[in-house]
Amino acid sequence: VPVMNVNVYMMGRVETDTETTVLINENIAFLNEEFEGQIEFVFDQLFMDHGQAYLPDLYKEYMSFEEANSIKELIEPIEIRGAINVFLFDTYTEEGTDKALMGFTPRLKREQEAYAKNSPNFDRIFMAYEGLDNKSTLVHEMGHFLGLHHPWELKGSTKYAFGIRTNVDESQNHMSYGPSVCKFTPQQLESMRRHAMQYRQYLMDR
């Protein structure tokens with residue numbers, strides 16, 4: 001079973017608080033439940049840093065495909081190599097809507113064997129503190145970290161091969177959005193385990 005360490009960075013905070021640390025531990029425990037023994041995640045280190053940013057701004061910068069200076073300035077001085085680094089930020093809800101960004105995960109779209117060479121640039125998950133509340137945000141982002149896409153991004157045959165074969169399958173899948181998400185398919189779990197073994201071995205606890 002692949003064992004992967006997880007570091008959590010509480011951005012914009014200089015002191016821990018019991019509520020957040022309890023939520024972090026609960027999220028890691030839920031992550032292990034939902035991966036059903038295919039991969040084990042170990043909460044390794046907790047860091048705090050005064051640096052802060054709004055997730056939507058970081059996401060727009062990352063998606064602009066230009067050098068992500070804000071991310072580079074915030075993250076590079078503090079991140080530790082050799083683990084999945086989860087950075088927690090404050091977020092916002094757009095005025096007049098209920099839309100808010102709960103998380104995003106930088107990843108390579110091809111040539112995934114280059115993850116090790118580019119470490120730790122793609123060993124990051126960005127999340128909102130609010131995303132800790134429902135526990136599904138970290139599971140969803142870890143799915144992206146380990147190679148999964150949203151169901152609606154897949155062609156019909158590929159979606160079927162991943163075990164997503166009905167509307168209920170899609171609505172309940174962790175890679176979808178909404179209140180009904182509750183599971184990965186066995187095919188997704190096996191795909192993530194293979195991805196970890198093939199492309200993320202450099203992050204495994206030995």
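Guide: Asp123 and Arg200 form a salt bridge, with their closest N and O atoms 3.2 Å apart. A salt bridge is a side-chain nitrogen of Lys or Arg within 4 Å of a carboxyl oxygen of Asp or Glu. The pair links distant parts of the chain, 77 residues apart: Asp123 lies in the loop between helix H4 (115-118) and E5, and Arg200 in the segment after helix H8 (186-199). Helices (H or I, at least four residues) and strands (E, at least two) are DSSP runs, numbered from the N terminus. The model is predicted: local features need pLDDT of at least 70, and side-chain atom pairs count only at pLDDT 80 or more, while totals for chains, interfaces and linings use all residues. Residues are numbered from 1 along each chain as its sequence is written, and side-chain values use heavy atoms, leaving out hydrogens and water.

Visitor: Does Asp123 count as buried or exposed?

Guide: Buried means under 20% relative accessible area, exposed over 50%, and partly exposed in between (1.4 Å probe, protein chains only). Asp123 counts as buried because its relative accessibility is 0%, and Arg200 counts as buried because its value is 0%.

Visitor: How many salt bridges does a search of the whole structure find?

Guide: The search finds 8. One of them joins Glu26 to Lys135, with the closest N and O atoms 3.6 Å apart. Glu26 belongs to helix H1 (residues 18-35), whereas Lys135 sits in the loop between strand E5 (124-128) and helix H5 (136-145), 109 residues apart. Glu26, at 34% relative accessibility, counts as partly exposed, as does Lys135 at 23%. Arg124 pairs with Glu79, the closest N and O atoms being 2.7 Å apart, and both Arg124 and Glu79 are buried.

Visitor: At what angle do H1 and H5 pack?

Guide: Two packed helices are described by the angle between their axes and the distance between the axes. Axes are lines fitted to C-alpha atoms, for helices over the stretch in contact (heavy atoms within 4.5 Å), and angles run from 0 to 180 degrees between N-to-C directions. H1 and H5 pack at about 55°, with axes 9 Å apart. They are therefore oblique to each other; angles under 35 degrees count as roughly parallel, over 145 as roughly antiparallel, 65 to 115 as roughly perpendicular and the rest as oblique.

Visitor: Which residues make the contact?

Guide: Among them are Ile28, Phe30 and Leu31 of H1, together with Leu138, Val139 and Met142 of H5.
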